[in-house]
Amino acid sequence: METSPNRTSRNFAVELGLADRGWFMYSPGLNEAVCDLKRGKVSDMEITEVRIGPSIGRFDPQPSSESFIAISYFAEGVDTLETPLGRLHLSSGDCVIWHSSTPCVFNVQEPIRMLNISFKEKHLKNQIINTPEVAGMHFKPSDPFGKMLGGFLEGLLAEWQSFSDADLVLALLAARNLMVKAVVKRKSEQLQDPDTLKLQRATRLIDQRLYDPDLKPQDLANAMHMSLRGLYLIFAKSNLTVVGYIRDRRLDDCRQVLAGQRSDLNMNQLALSRGFNDLSTFSRAFKRKFGMSPIEYKKWISQTVHAFERSQ
């Protein structure tokens with residue numbers, strides 16, 4: 001088992017050993033970010049217990065990393081996740097499932113204590129079809145499977161460090177089976193919801209016209225043969241807005257371009273090519289979502305890559 005003591009750092013993902021996995025975490029305006037991480041790994045499964053003080057940060061998918069699915073249980077605290085799929089408000093007792101291909105930005109408002117278990121995607125493809133779709137699945141204690149998952153993971157959080165490797169394997173496999181059952185049940189419920197199917201169609205249409213600066217909600221409503229109000233309502237059911245979703249998808253695409261080692265576009269060209277009217281609007285929106293300007297982000301990516309290459 002790996003243990004990281006409490007430390008202070010601007011980007012404390014480095015000290016937690018998570019920076020090369022795509023995590024960036026910091027506490028603007030605070031003198032120190034209290035964090036503690038304990039991690040264990042058995043049979044291609046990893047369990048992590050983490051405490052993080054008030055902070056903001058993000059996760060950037062790493063193309064070179066092997067894909068995984070993770071389930072997180074929030075024992076304490078309040079956290080907000082901003083994702084391409086919408087906004088999640090997480091508090092004590094909540095469980096959320098994640099896929100390594102999905103970026104996110106988080107904001108810890110109250111210190112969190114969390115248990116996270118990750119499983120390699122290759123072991124789940126026969127049980128969960130289209131695995132990236134699990135990203136952002138949120139189970140609250142009031143949900144039947146949320147209560148079951150949360151109860152099991154709460155017990156595991158209290159005891160896992162005392163388990164032998166053999167017992168920990170059995171416990172993590174049990175957690176994986178519960179997660180699979182919860183995912184299958186939720187996907188079945190979604191397939192029966194016509195608004196979910198309409199939302200999926202709308203997001204596909206947005207992706208097809210992502211670089212069109214003239215794309216408007218009314219265009220989507222017309223393409224789907226529905227009223228503008230009806231379109232707004234199906235997005236609202238998932239805590240989304242049409243304009244906000246389009247903006248966030250464009251920003252995520254820009255972030256991926258900036259994370260690449262080669263790009264023939266300067267910042268102004270990138271902004272205009274992704275549907276933003278001007279560079280200043282793009283820069284403000286990018287900083288609100290990711291915590292730094294596009295120029296700062298590209299510089300940070302370059303520094304992170306060089307630091308990682310030197311460590312190899």
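I started with Asp 60, which comes out buried at 4% relative accessibility (buried is under 20% relative accessible area, exposed over 50%, partly exposed in between, with a 1.4 Å probe and protein chains only). Keep in mind that this is a predicted model, where local features need pLDDT of at least 70 and side-chain atom pairs count only at pLDDT 80 or more, while totals for chains, interfaces and linings use all residues. Residues are numbered from 1 along each chain as its sequence is written, and side-chain values use heavy atoms, with hydrogens and water left out.

Which residue meets Asp 60 in a salt bridge? I found Arg 255, at 3.4 Å, N to O (a salt bridge is a side-chain nitrogen of Lys or Arg within 4 Å of a carboxyl oxygen of Asp or Glu). Arg 255 sits in helix H6 (residues 242-259) and Asp 60 in the loop between E5 and strand E6 (68-83), so the pair links parts of the chain 195 residues apart (helices are DSSP runs of H or I, at least four residues, and strands are E runs of at least two, numbered from the N terminus). Arg 255 is buried too, at 2% relative accessible area.

Next I looked at Arg 58, in strand E5 (residues 55-59). Its side chain makes a polar contact with the side chain of Asp 60 at 3.1 Å (a pair of N or O atoms within 3.5 Å; within protein, one must be able to donate a hydrogen and the other to accept it, and residues adjacent in sequence count only if both atoms are side-chain atoms). Arg 58 counts as buried at 1% relative accessibility. Leaving aside neighbours within four places in sequence, Arg 58 is in contact with, among them, Trp 23, Phe 106, Tyr 297 and Trp 300 (contact means heavy atoms within 4.5 Å).

**Other salt bridges**

I searched the whole structure and got 15 salt bridges. One of them joins the side chains of Asp 44 and Lys 120 (3.4 Å, N to O). Asp 44 lies in the loop between strands E3 and E4 and Lys 120 in strand E9, so the pair ties together parts that are 76 residues apart in sequence. Asp 44 is partly exposed at 30%. I also noted that Asp 44, Glu 66, Lys 120 and Lys 122 form a network of salt bridges.

Lys 140 bridges to Asp 94, with the closest N and O atoms 3.2 Å apart.

**Whole chain**

I counted nine helices and ten strands. Of the 312 residues, 48% are buried.
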